[in-house]
Amino acid sequence: MESVLIETNPSTSPNFKPLLGGNYDPTLKQSIRNLLDEFLKGASNFSEFVPVFFELMQARVYPPLESIWVYSALSFRSRISAKDDILNRVAVVKDLFQLVSACSGSSSSSKSIALLAPVVFEVYRLLFDLSGKELSSKREKKVAKEIRSLIDVILGYISVCSSGGSNENNGSDGSINCLEDLIRVWMYGGEGKEDLAAFFPLVGAEISGQFGGGECDVDSLAGVVMAEAFLLKMCVYCRVGVPRVDLEKELRSWAVASIAGFQNCYFYETVVKMLLELALPVTSLLSSEDEVFLRKILYDAVILGDYSFLKPERVIQLPEERLCRLALTQLIVTHEAIEFLREHGDQTKSISYINAFSSHLSSQLVKWVSNQIGMEGKVNRPSGASPKALIKWLLNLEGQGVRIFDDSISRYRAKLVLDISKVDYDQSAGRADVNNLDDDLLFYVDKKREEEDGNEEDEETDDSMTAAFVSAARRMRLAEKDGGRKRKKGRSIEKKKQIKFQKYNLHGNSNSERESLQFRDGSLSSGSEIENPPSDDEDMELNQESD
């Protein structure tokens, strides 16, 4: 730590007295403006500002985020160079992390995490630059290992901060007034890329844009920083060459455990929002195939997970409008995930998503909307609990003049209307073949369930039995056409009994530093090589239909 901190000269340091009382904030703002003016002049030596911001940081028991950020930026600039060997750059970024975490010792959990934004940005740059370096295989592996280690340390620090509780607030740090100026301090280099989207490359312009043009909420900023660190870990493991089947199990297990361990609504909201985009903002680090791979994992983590920190009784500190916006975002993401799976032929998992949504979120969303429009008990209820049924209901209410989707979500409205219309048209056009497809699918699902339960027979016998069952089902349908409404009704009841949804439980262990997670089909595994953050007695359920 001593190698990182820059000693100040008392003779050049400002007097503490002017920093007391009402003089502090004007002095801090003016000092930042003076520094930015030097940037505009093209100056390259900013050493005279180091003692100024050091004293500004030391003058408060709970120093403002701005003072810590500028001081750490100046310290970092004095040691880093674009021409440095990449291993040396990794070492300097590690020192930066140590400096920021040390300076934020008295800060709240949210502010301590938000302060890591420049560190996460620099780690992203390291990972991005590594792809363009012509290094020997041995040296590249060493650099990648160092970066992975640093990401793990950052996530461990975030986990420790999260365990302190997101509601604590040491000092007045609820918002930041000049985030864009602070980003200019970090990104100044004469390249004209000193903007929010460039500083938060892993969440996209839509999410980072919320911080522009006014005050920035520290809790929201912390959620974005957590999401970027979360994605960095997933990206770096996608590049290590692990077989996809094994990697999918490990990353899904780790993603679920991380969401449960962090217990942070702002982080969860950011991850869900990212899934609204046409592509995850990871394509600068990964291939398009890897992006689809990560999207599937994140769909599972946010849709199938039943996280206790999202329960209504646990989120009373959040504004009701924000909770509704999150619920509507989850609704749209689940709908798009179901359509994504159907397009890729995964009918079984799409049913699991519908079941999970109906169990966790559907009734809460209906209740909230009814309360908001003041029509509880009077408004017509949706025709079902699926995402499609809820969306049709909400669109119908909007058609009656009730505003449901705010500005942040309304841009998806036109697409939802087209999606729902397309689904209705496809179902209508294929109605004549629906019964055939459904019965064949039910026999297939039953066969898959037997395999998972350990009752698998010889492969040839299974194939013959499946063919016989399907053939028999088709003959029964032909016979039932002449059997009257009674037999049709009986067959409908029988069909409903064919699918059984299996509830999977993930039990947190408060006495262990690792989540013990397991899917019966192996999609989650215990003893993961990817370390999981600790969870505070987190009880989770993954509602997933047996394949």
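Predicted model: local features only at pLDDT ≥ 70, side-chain atom pairs only at ≥ 80, totals over all residues.

Student: Which residue does D290 meet in a salt bridge?

Tutor: Opposite charges are the thing to look for here. Side chains of opposite charge can pair when their charged atoms come close. For D290 the N to O distance in the salt bridge is 2.0 Å, and the partner is R244.

Student: How many residues apart in sequence are the parts that D290 and R244 tie together?

Tutor: Look at where each one sits. D290 lies in helix α14 (residues 288–303), while R244 lies in helix α12 (residues 244–262). The pair therefore ties together parts whose separation in sequence is 46 residues.

Student: Is R244 buried, partly exposed or exposed?

Tutor: Its relative accessibility is 33%. Buried needs under 20% and exposed needs over 50%, so R244 counts as partly exposed.

Student: What does R89 form a salt bridge with?

Tutor: The closest N and O atoms of this pair are 2.9 Å apart. R89 belongs to helix α4 (residues 86–103) and its partner to helix α6 (residues 117–131), so parts 40 residues apart in sequence are tied together. R89 is buried at 7% relative accessibility. The partner is D129.

Student: Which helix holds E146, the residue that pairs with K94?

Tutor: E146 and K94 form a salt bridge with their closest N and O atoms 2.5 Å apart. This pair links distant parts of the chain, 52 residues apart, with K94 in helix α4. E146 is in helix α7 (residues 137–163).

Student: And what is the relative accessible area of K94?

Tutor: Both partners are in the middle class: E146 is partly exposed at 24%, and K94 is partly exposed too. For K94 the value is 28%.

Student: How many of the 14 residues of α16 are buried?

Tutor: Helix α16 covers residues 347–360. The buried ones include T348, I351, Y353 and F357. Helix α16 is largely enclosed by the rest of the structure, because the buried count is 10.

Definitions and conventions
Residues numbered from 1 in each chain as written. Heavy atoms only, no water. Helix = DSSP H or I, 4+ residues; strand = E, 2+ residues; numbered from the N terminus. Expected span 1.5 Å × (residues − 1). Buried < 20%, exposed > 50% of the residue type's maximum accessible area, 1.4 Å probe, protein only. Salt bridge = Lys/Arg side-chain N within 4 Å of Asp/Glu carboxyl O.
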